[in-house]
Amino acid sequence: PNSGRVLVTWTEFGTGSKSPIDRAYSDDHGATWSAAATIHDPSTMAQGSQPVFLHDGRVAIVYWNFANSGFSGNDAAVSASPEEIDVVVSQDGGVTFGSPIRITTVARYDQPSIRNGTFLPSATVDRTTNDIYVVYQALDAAGVPRILFTKSTNAGATWSAPIPFTNNPGTRLFNAAIALSP
């Protein structure tokens, strides 16, 4: 029912400790757009949204949620409190969204020698199975910087335990990206 829909997401940087993810969509190739709407609790502090369409018209939006970390944009490379990657799923092509589902908690890793996408997870979907795949940079359980991988085989309802996807020595990793061919 949403064939041809274009959906965009962005972080609405406000004042204080909120920066929710908003969305808008177009059904006429971008000539007109829906009103912007927040996809989760507007007091959420989030960034790095990645919308993906599932084969049946549902939309999943993956994003980094700073949770209760106290992140202000000027924090040290590693947050004292765990953050998380969340997903919200829309059953109606991005008009409304269900409650956020935690994909995983994360210990942020900010590559020290280059500006990078510290909190920019990358998501893709297998449009034949609705499996969703996510990669991101963070510290693994041993505190080592890694690109980590997780997947959902039920359209975002539950997620596998993250596994390291890289074995780079030292701190030379950043800006994870994932894609899936048809």
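Buried means under 20% relative accessible area, exposed means over 50%, and partly exposed lies in between, with a 1.4 Å probe and protein chains only. Strands (E, at least two residues) and helices (H or I, at least four) are DSSP runs, numbered from the N terminus.

This is a predicted model, in which local features need pLDDT of at least 70 and side-chain atom pairs count only at pLDDT 80 or more, while totals for chains, interfaces and linings use all residues. Residues are numbered from 1 along each chain as its sequence is written, and side-chain values use heavy atoms, with hydrogens and water left out.

**Overall make-up**

The protein chain has 11 strands and 0 helices. Of its 182 residues, 49% count as buried. The chain exposes about 9100 Å², and carbon and sulfur atoms supply 53% of that area; accessible areas come from the Shrake-Rupley method with a 1.4 Å probe, and for residues only the protein chains shown count as cover. Contact means heavy atoms within 4.5 Å. Among contacts in the protein chain with a separation of 6 or more, 49% are between residues 24 or more positions apart.

**Strand pairing**

Two strands pair if DSSP finds at least two bridges between them.

| Strands | Sense | Bridges | Facing residues |
|---|---|---|---|
| E5 and E6 | antiparallel | 7 | Ala-60 and Val-89 |
| E6 and E7 | antiparallel | 5 | Asp-86 and Arg-102 |
| E8 and E9 | antiparallel | 5 | Thr-124 and Tyr-133 |

E8 and E9 belong to an open sheet of 4 strands in the order E8-E9-E10-E11, with antiparallel pairing. Its edge strands are E8 (122-126) and E11 (163-164), each of which pairs on one side only.

In E6, Glu-83, Ile-85, Val-87 and Val-89 point one way, Glu-84, Asp-86, Val-88 and Ser-90 point the other way, and all are buried. Thr-104 lies in strand E7 and counts as buried because its relative accessibility is 9%. Not counting residues up to four places away in sequence, Thr-104 touches Glu-83, Glu-84, Ile-85, Tyr-136 and Pro-162.

**Nonpolar cores**

A nonpolar core is a set of buried Ala, Val, Leu, Ile, Met, Phe, Trp, Tyr and Cys residues joined through side-chain atoms within 4.5 Å. The largest one has 22 residues, of which Val-134 and Tyr-136 touch the most other members. Strands E5 (59-65), E6 (83-90), E7 (101-106), E8 and E9 are the elements that give two or more residues to this core. E9 gives the most, with 4 residues. Apart from this core lies another, of 11 residues, among them Ala-46, Val-59, Ile-61 and Phe-97.

Leaving aside neighbours within four places in sequence, the contacts of Tyr-136 include Trp-64, Ile-85, Thr-104, Val-106, Pro-121 and Arg-146.

**A nonpolar surface patch**

Val-6, Val-8, Trp-10 and Trp-33 make a nonpolar surface patch of about 330 Å². Like charges are joined within 9 Å, and nonpolar side chains (Val, Leu, Ile, Met, Phe, Trp, Tyr) within 5 Å. Trp-33 lies in the loop between strand E2 (21-26) and strand E3 (37-38), and with a relative accessible area of 41% Trp-33 is partly exposed.

Methods: Patches are made of residues with over 30% relative accessible area and no salt bridge: like charges are joined within 9 Å, nonpolar side chains (Val, Leu, Ile, Met, Phe, Trp, Tyr) within 5 Å. A salt bridge is a side-chain nitrogen of Lys or Arg within 4 Å of a carboxyl oxygen of Asp or Glu.
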